[in-house]
Structures are given as C-alpha cells and as structure tokens.
Amino acid sequence: ALYRIVSLFKPYMNVINPSVSVRLAKMSLICAVMVVGLHVGRCAGAAGDMFFQVFVRGLFPIAVPFFFLASGYLLAKNVEDRGWYGTALLKRAKTVFIPMVLVGVLFAIFEICLTVCANLIAGREWYENFYQGWEWLRVVSIYPFDYPGMRELWFLRSLLICVLISPIIVWAVCRMGIAYLIATFIASAYAETMIKAYTPSWHLFCTIFSLRGIFWFSVGAYLKLVPNRLQLSSNICKLMGALGLVVPLAICNVFEIGGGVDRIMRNFA
C-alpha cells in the first residue's frame, strides 16, 4: 500500500535538480561551521556577548534542523524503489551507526584514561567514577535515559531512529501532508518547552526519539515527495527568511524573554 501511494509521486523522485544539489552541499558546509559555533560557549566582553546573542542563540540553531531536513529529503528520493527500506537501513548502518559507535568508543577510552589519572592523583581507587551498570551503554550511544558518552552523538542516534521509522513518516507525509507536519511541529514545540530539561522524559522526546528531528526529517521528505505544494515566490521566501532572523533576535535575544517563550519563538523562527 505504501509503495502504491508513493508511486503517485514517482515523476518527481530519484533525480535531484543540480541546483538543489549544489545548494544542499553549500548549506551543509555552512551548517557544519554553525554546529561548531553552537559549542564555543559565551566569550568574555561586550563583543563576545553580542556574538553569543546574535549568532549562538539567534542564527546557529538552524544547523541541526537543516541536517534532519536534508536527511529526510535525500532518503525520500528513493522510496519508490522496491526494497528501499532495507537499502536505507544498510546504508545508514555503514555511514552512521558504525562511525557513531567507533567515535563513542574512542572517546570513552580517552575519558577513561583521564579518569584513571585523576583517581591516582587524588589517591582514589583507579576504577572509581567509571560508568555504572547500564550506563556503559552510553559508550555506544544507545543508553535510553541520557546523552551518549560523547554528548554530540545524540544527533546521529536520533537520525538513526528517524530512518528506522521512515516508512511511517513517508506514509504520514503522503496521506496527511501539511496536517501531519503541523501536528508533529506542535508535539515538538510542546516537548521542548513544557517537559523539564534533562529528565528521562525530556531525553526520550528531545535527544532519542527526537520530535524536533522527526518534524524536520518529515519536512525534508515532504519537500521531495510533494514538491508542488510549497512553491512560493522569491519575494515571499526572502520575507520569510528575514522574519526568521528578526523574530528570534528581537524577541529572544534583545529582550531576554525566558520561561520557555524564547524556545517557542526560536522554533517558529
């Protein structure tokens, strides 16, 4: 049934417009730099504070949503092929899961070496402060109630889950379209603003089964599967882009509104 639904959109799939391909490549490089910027922290002085407010809080948060969107878009171009799901899983196992595990293990070895040195210097047993019990699963990024050992690997973990449930996402995109995207966006905004941060529920819906990631992954799939539904004029796109920058800068960063309002506005931006 899913194959029959998706086959209706077959004329639009498989081939990516060269212009779109170039834009994806350029935006990927820009967003990779933004991801680094997201982790530099707040620098001292007025210039450092301005950089933090305008870029780290205002502009750079578009990077992770873009990578989810691009992943959904690229996956959707093959969904009319029989056996696409197995092919997608195998490809992501090689390009995402195995590298994620290897990086996690290497980071854990580095972390263990530092911990052993710190224990010996402090006169403690050499094995103190290691992961305990199920927390060892954090090394390979599959512990379900916390960040991976190397925290930044949460994105790859969430991306893998998006690929695992991609048949459901494709079905929902093709059958429900914009209504599904709106519902997913609302669920994502609710999870990130109303669930207390760093609790097990927050980790489940924000860093593992990431509703934000699922929303943007779904948007990417929608843009590929239903290409004629969101055609906007160049001027409208420019206006939306300008508002997307002005809204978070003016409301979140200048006036420093907290209590979840800043996160809600960044979601809309």
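1. Leaving aside neighbours within four places in sequence, Phe68 is in contact with Trp154, Phe155, Ser158, Leu159, Cys162, Gly213, Trp216 and Phe217. These contacts should be read with the reminder that this is a predicted model.

2. Phe68 also belongs to the largest nonpolar core, which has 36 residues, and is one of the members that touch the most others, together with Leu75, Ile169, Val173, Tyr180, Ile214 and Leu225. The helices that each supply at least two residues of this core are α4 (63-76), α5 (84-122), α6 (154-164), α7 (166-176), α8 (178-194), α9 (200-208) and α10 (211-225). Of these, α10 gives the largest share, with 8 residues. Another core, of 11 residues, lies apart from the largest one and has Ile16, Cys31, Met34 and Val56 among its members. As general background, nonpolar side chains tend to be buried together in soluble globular proteins.

3. The second largest pocket has a volume of about 200 Å³, and its lining is made up of Leu89, Arg92, Ala93, Phe97, Met100, Ser141, Ile142, Arg157, Leu160, Ile161, Val163 and Leu164. Both α5 and α6 supply at least two residues each to that lining. By residue class, the lining of this pocket divides into 9 nonpolar, 1 polar and 2 charged residues.

4. Ser141, one of the residues that line the second largest pocket, is found in the loop between α5 and α6. Is Ser141 buried or exposed? Ser141 counts as buried because its relative accessibility is 0%, and buried means under 20%. When residues up to four places away in sequence are not counted, Ser141 touches Met100, Pro148, Leu153 and Arg157; of these, Met100 and Arg157 are also named in the lining of the second largest pocket. Between Ser141 and Arg157 there are 6.8 Å in space, C-alpha to C-alpha, although the two are 16 residues apart in sequence.

5. On the cysteines, the count of disulfides comes to 0. Cys162, which is among the contacts of Phe68, counts as buried because its relative accessibility is 1%, under the 20% limit. Cys237, by contrast, has a relative accessibility of 41% and therefore counts as partly exposed, a class that lies between 20% and 50%. A further cysteine, Cys31, is named among the residues of the 11-residue core.

Conventions: Residues numbered from 1 in each chain as written. Predicted model: local features only at pLDDT ≥ 70, side-chain atom pairs only at ≥ 80, totals over all residues. Heavy atoms only, no water. Core = buried A, V, L, I, M, F, W, Y, C linked by side-chain atoms within 4.5 Å. Buried < 20%, exposed > 50% of the residue type's maximum accessible area, 1.4 Å probe, protein only. Helix = DSSP H or I, 4+ residues; strand = E, 2+ residues; numbered from the N terminus. Contact = heavy atoms within 4.5 Å. 1 Å grid on protein atoms, 1.4 Å probe; cavity = no way out; pocket = protein on both sides within 12 Å on 5 of 7 lines; lining within 4 Å. Points joined across faces, edges and corners; volume = space filled by probe spheres on them. Nonpolar A, V, L, I, M, F, W, Y, C, P; charged D, E, K, R; others polar. Disulfide = S-S within 2.5 Å.
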